[in-house]
Amino acid sequence: MSGKTRALFFPFDLFGSPGTAAGAQLLADAFREMLEDNRREKVPTRARAYAGKVRHQEFSFDTLTAYEGWRQDARRAVRQALDEGDFLLWVSGNHLGALPVYEELGRRKGTSLIVQLDAHLDIYNLSDCTTELSHGNFLLHTETALPRIINVGHRELLLRPDYFQKYYHETFSAAELAIDPEPALTAVQKAVASASRVLLDLDCDAFDSAFFPAQAHPVAFGLSPHFILRLFEAAWSDRLVGLAISEFDPARDRDDRSLATLMWLIEHVLLKKHEQR
């Protein structure tokens, strides 16, 4: 690892949840403001651990032309960050915007592991679902081999286990977590220990909407922020190469509670990553 973080904000929300592009843009604004506040601070704080070590880039989709090469442009940016050994913070609009990250990890040598927090298993093939690329089926449309994926927190009730086991290494439903979360935490720790690189992928609908209202498609019985912190800790190692965040819909937020949750989580990760050096 280079010892630097590359924060890439990718406000893409086509073929999925409209409005989540605004979420990526708002997080970019808040992130920039956080860095500026830290630079102005005269008193030594923990933020000095990552001061001068964060590269920040925002993509724009203001024109139709900008959308034409979205997938290739995203893969190029992710590839550069991974090749240079930077820790990747990837913030997209809807979850489809994480597809290029999955593809770049899938093409690399060794075992890439994605610990995915998501209310949905993104392999939907039901009769009323589109077969074209969307945020609900993007794992069916990868241009590379899939990395190993462990889903934690899904609320799927219709897809059959023999189907989703073709795409997921392991899954732990919210119902299973409510009974006993320890098997999931243990499985994540075990998988991380044997992986070459690990990415945490947080789709915001993994949260329970009581804690995190800014969701385009809230699903009941979600995860608490406290459990998500425990899962992040279970997945933490020197092989953690990035954090992806998607599906933040600020129009549905209340008193900026969801924004504050994500910004706290982002800075928490930055401190853990840079203070250990």
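The legends below describe close-up views of a predicted model.

**View 1. The largest nonpolar core and phenylalanine 31.** This core has 57 residues, and among them Phe31, Val188 and Leu262 touch the most other members. Helix α9, which covers residues 257-275, gives the most to the core, with eight residues. Leaving aside residues up to four places away in sequence, phenylalanine 31 touches Ala7, Phe9, Val54, His56, Leu89, Met263, Ile266 and Leu270. Another core, of 34 residues, lies apart from this one and includes Phe59, Ala77, Leu139 and Tyr168. In soluble globular proteins, nonpolar side chains tend to be buried together.

View 2. Six of the six residues of strand β3 (residues 87-92) are buried, so the strand is largely enclosed by the rest of the structure. In a regular strand the side chains alternate between the two faces of the sheet. In β3 both faces are covered, with Phe87, Leu89 and Val91 buried on one side and Leu88, Trp90 and Ser92 buried on the other. Strand β1 (residues 5-10) runs parallel to β3 and is joined to it by six bridges, one of which pairs threonine 5 with phenylalanine 87. Strand β8 (residues 240-246) is also parallel to β3 and is joined to it by four bridges, and here leucine 88 stands opposite glycine 242.

View 3. After the helix comes glycine 85, whose phi is positive, near 80 degrees.

View 4. The whole structure contains 14 aromatic pairs. Phenylalanine 12 lies in the loop between β1 and α1, and phenylalanine 61 in the loop between β2 and α2, so the pair ties together parts that are 49 residues apart in sequence. Phenylalanine 12 is buried, with a relative accessible area of 0%, and phenylalanine 61, at 12%, also counts as buried. Tyrosine 102 and phenylalanine 138 form another edge-to-face pair, at 5.5 Å centre to centre and with 90 degrees between the planes, and both residues are buried.

Note on methods: Residues numbered from 1 in each chain as written. Predicted model: local features only at pLDDT ≥ 70, side-chain atom pairs only at ≥ 80, totals over all residues. Heavy atoms only, no water. Core = buried A, V, L, I, M, F, W, Y, C linked by side-chain atoms within 4.5 Å. Buried < 20%, exposed > 50% of the residue type's maximum accessible area, 1.4 Å probe, protein only. Helix = DSSP H or I, 4+ residues; strand = E, 2+ residues; numbered from the N terminus. Contact = heavy atoms within 4.5 Å. Pairing = 2+ DSSP bridges. Phe/Tyr/Trp six-rings, centres within 6.5 Å; stacked < 30°, edge-to-face > 60°.
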